[in-house]
Amino acid sequence: MASFRTASPIAGSVAVGAVLLLTLAGCAAPNTAAPTPGMSAAPLASLVPAEFSDGINVASGIYAPMVTRSDTGEWGGFDYDLGQAMSAQLGVPFTFEVQDFTSIIPSLQSQKHDIIMFGMNDTAKRREVLDFVDYFEAGLAIMVEKGNPAGITSMSDLCGKSVAVAKGTTQADFVAAESAKCASGAITSIELPTENDAILAVKSGQAVADVFDAAPAAYAAQTSGDGDDFEVVHDPANPAGYGVVFTGIGVLKENSALTSALEAALQAVIDDGTYTTLLQKYDLGDYAVPAATVNGTLQ
């Protein structure tokens with residue numbers, strides 16, 4: 001994986017947007033922390049395949065609270081912190097870099113990156129190429145303008161209306177499937193480049209709702225405009241969200257030894273309590289998994 005394992009700055013940067021800390025822009029270097037003293041003696045260092053002994057490049061992006069980045073380039077969020085905890089178990093650095101979601105799997109296939117940690121849902125279609133080390137379980141949520149002026153109470157209320165989704169995501173597929181069930185007019189799906197664009201489409205009135213992962217939806221509703229911009233629709237028939245799925249770390253199928261190492265590292269982080277601490281830090285306890293699994297469920 002030679003030429004891509006450098007500490008050189010990458011093109012593109014991320015700044016935290018004024019609306020809800022999700023905007024991608026500008027130029028900054030990836031986080032390329034060097035191995036700390038004693039990392040080679042980490043508990044699970046012997047499980048790391050030789051080709052990854054100098055570190056693991058992580059394809060990611062801004063998707064709060066899963067992944068965040070400050071104005072000064074500091075990474076944060078649940079996925080990032082979990083990656084650092086697993087890094088300590090395996091004894092190799094995890095270097096997070098920004099990658100557009102629509103090309104994130106090709107970035108692994110071209111050996112630009114080694115794994116994906118970007119709140120990616122574990123689905124049967126993606127499993128044609130990837131294996132997933134699952135660390136999270138949640139459904140999709142409907143986020144609307146504060147006050148819910150369109151009176152949305154469930155997915156069926158979106159029939160005949162415009163809904164924003166991020167391009168290339170499972171929520172785009174989900175909305176299309178729900179639209180096929182509509183008797184009162186199809187859902188007009190507005191597919192936009194990023195989740196931030198989809199959220200802004202609701203704020204501007206271009207769409208009545210945005211459908212996306214429950215945890216980021218809740219975070220956006222709580223933080224954008226100090227909680228005055230949006231709200232999440234609570235459907236009593238779907239308390240955990242729609243189409244509940246696992247979220248996982250994506251690894252190419254041919255890198256099965258790396259998948260096994262990551263599974264062991266995740267289980268160690270669960271066993272020592274770090275996982276629970278991180279869930280509590282980001283108010284994500286409702287989405288915990290009891291144990292590390294690979295390809296935990298088929299969709």
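Which element gives the most to the lining of the largest pocket? Hold on to that one for a moment, everyone, and thanks for coming. Before we look, please keep in mind that this is a predicted model.

Let's start with the pocket itself. The largest pocket holds about 530 Å³ of space. Its lining is made up of 23 residues, and T123, R126, T169, T170 and D173 are the ones nearest the centre. If we sort that lining by class, we find eleven nonpolar residues, eight polar and four charged.

Now back to my opening question. Three elements each supply at least two residues of this lining: α2 (104–109), α3 (170–179) and β11 (242–252). The one that gives the most is α3, with four residues.

Where does T169 sit in the chain? You will find T169 in the loop between β7 (162–166) and α3. Is T169 buried or exposed? T169 has a relative accessible area of 10%, and under 20% counts as buried, so T169 is buried. Leaving aside residues up to four places away in sequence, T169 touches F101 and R126. T169 and E191 are 22 residues apart in sequence, while their C-alpha atoms are 9.5 Å apart in space.

Finally, let's turn to a pair of helices. Helix α1 (residues 78–90) packs with helix α6 (residues 256–271) at an angle of about 105°, and their axes are 9 Å apart. Angles from 65 to 115 degrees count as roughly perpendicular, so that is how α1 lies relative to α6. On the α1 side, the contact is made by L82, A85, M86, Q89 and L90; on the α6 side, by A261, L262, A265, L266, A268 and V269. What classes do these residues fall into? Ten are nonpolar, one is polar and none is charged.

Terms used
Residues numbered from 1 in each chain as written. Predicted model: local features only at pLDDT ≥ 70, side-chain atom pairs only at ≥ 80, totals over all residues. Heavy atoms only, no water. Axes fitted to C-alpha atoms, helices over the stretch in contact; angles between N-to-C directions. Parallel < 35°, antiparallel > 145°, perpendicular 65-115°, else oblique. Contact = heavy atoms within 4.5 Å. Nonpolar A, V, L, I, M, F, W, Y, C, P; charged D, E, K, R; others polar. 1 Å grid on protein atoms, 1.4 Å probe; cavity = no way out; pocket = protein on both sides within 12 Å on 5 of 7 lines; lining within 4 Å. Points joined across faces, edges and corners; volume = space filled by probe spheres on them. Buried < 20%, exposed > 50% of the residue type's maximum accessible area, 1.4 Å probe, protein only.
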